2 protein chains.
Amino acid sequence: MAGQMREGVKKLFEEANIGHLATVMPDGSPQVTPMWVDFDGKYILVNTAEGRQKPRNIRRDPRVAISVTREGNPYVFASVRGRVVEITTEGAEEHIDKLAKKYLGRDRYPWRQPGEHRMIFKIEPERVASMGAV
Amino acid sequence: MAGQMREGVKKLFEEANIGHLATVMPDGSPQVTPMWVDFDGKYILVNTAEGRQKPRNIRRDPRVAISVTREGNPYVFASVRGRVVEITTEGAEEHIDKLAKKYLGRDRYPWRQPGEHRMIFKIEPERVASMGAV
């Protein structure tokens, strides 16, 4: 339940920290990559693009895990298991610009590819472990 | 194959960067937590303790993934999929001290628990993706 995310953990996802999102490959093995993260008050949000491995994996198996350490002090961290409860393209272009502002201080996401379609994953936290995140 | 790790990627595991190690839970869902990492010239090494979730998961399914970003510049990163080819307690106490030196500048690992048994996982890289790691 999202309620298990205490304030210090929410803050880790609100700050400009890098999350490492794990998904499951078709053969059942894990995959993990660094991502920008966000928190909307209920869900952890990540933003990716159509055609990548993550959407393929998540549409087949929505169970994910994400771990995040604080930039500059990795001994403050959270490790969350949960599931993607929604995949949406609505607002996803604006959302990647918002993340570019948060992480890069840029008004627009500078790494758009021609024909790229962005999407937001909404992750519902189910199990949360943390250290130092008070 | 370990040969797929180019020099810049090996360096990411040799530096005092945090790796995020993903394993598979008994129900097939992913789990990921931050870890200290090391590279021995062939394998990526991590050090954990008996009784934790990681050894339980890895003994059942040795397939893992690990992503690492450079401390201070997370846009240099590597994402590796592979498998744990060996779990050993041999040298594991000295190895956690070595990691304490690397990450904390301490001669001995300061967070030992009474009765704790350390172990090393040796991860053979099979698929390597990276950005900026030249």
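In which strand of chain A is the place of Ala129(A)? Ala129(A) belongs to strand β7 of chain A, which covers residues 118–131, where a strand is a DSSP run of E of at least two residues and a helix a DSSP run of H or I of at least four, both numbered from the N terminus. This is a predicted model, in which local features need pLDDT of at least 70 and side-chain atom pairs count only at pLDDT 80 or more, while totals for chains, interfaces and linings use all residues. Residues are numbered from 1 along each chain as its sequence is written, and chains are lettered from A and ligands numbered from 1 in the order in which they are written.

**The surroundings of Ala129(A)**

- Ala129(A) has 16 other C-beta atoms within 10 Å and is therefore partly exposed; a residue is buried if 20 or more other C-beta atoms lie within 10 Å of its own, exposed if 12 or fewer, and partly exposed in between, with C-beta atoms placed from the backbone.
- Leaving out residues up to four places away in sequence, Ala129(A) touches Ala78(A) and Ser79(A), contact being defined as C-beta atoms, placed from the backbone, that lie within 7 Å.
- Although Ala129(A) and Val9(A) are 120 residues apart along the chain, their C-alpha atoms are separated by 9.0 Å.

**The sheet of chain A**

- In chain A, 7 strands form an open sheet with antiparallel pairing, in the order β2-β1-β5-β6-β7-β4-β3; two strands pair if DSSP finds at least two bridges between them.
- The edges of this sheet are β2 (30–36) and β3 (38–39) of chain A, each of which has a single partner strand, so one side of each is left without a neighbour in the sheet.
- Strand β1 (residues 18–24) of chain A is joined to β5(A) by 4 bridges and runs antiparallel to it, with Ala22(A) standing opposite Ala65(A) in β5(A).
- Between β5(A) and strand β6 (residues 73–88) of chain A, which run antiparallel, there are 8 bridges, and Ile66(A) has Val80(A) in β6(A) as its bridge partner.
- The hairpin of β5(A) and β6(A) has 2 residues between the strands, and in this hairpin Gly72(A) takes a positive phi near 90 degrees.
- β6(A) pairs with β7(A) in the antiparallel sense over 11 bridges, and the bridge partner of Gly82(A) in β7(A) is Pro125(A).
- Helix α2 (residues 53–60) of chain A packs on the sheet, where it touches β1, β2, β4 (44–49), β5, β6 and β7 of chain A, and its direction makes about 50 degrees with that of β1(A); axes are lines fitted to C-alpha atoms, for helices over the stretch in contact, and angles run from 0 to 180 degrees between N-to-C directions.

**A residue of helix α2**

- Arg59(A) lies in helix α2 of chain A, and because Arg59(A) has 10 C-beta neighbours inside 10 Å, this residue counts as exposed.
- The C-alpha atoms of Arg59(A) and Val128(A), which are 69 residues apart along the chain, are separated by 23 Å.

**The nonpolar core**

- Strand β5 (residues 63–70) of chain A has 6 of its 8 residues buried, so this strand is largely enclosed by the rest of the structure.
- The largest nonpolar core has 66 residues, of which Ala22(A), Ile66(A), Ala22(B) and Ile66(B) touch the most other members; such a core is a set of buried Ala, Val, Leu, Ile, Met, Phe, Trp, Tyr and Cys residues joined through C-beta atoms within 7 Å.
- Not counting residues up to four places away in sequence, the residues that Ala22(A) touches include Ile66(A) in its own chain and Ala22(B), Pro30(B), Val32(B) and Ala65(B) in chain B.
- In soluble globular proteins, nonpolar side chains tend to be buried together.

**The two chains together**

- In contact with one another are 22 residues of chain B and 22 residues of chain A.
- On the side of chain B that touches chain A, the elements that give two or more residues are β1, β2, β5 and β6 of chain B, and the largest share, 6 residues, comes from β5(B).

Terms used. Two residues are in contact if their C-beta atoms, placed from the backbone, lie within 7 Å.
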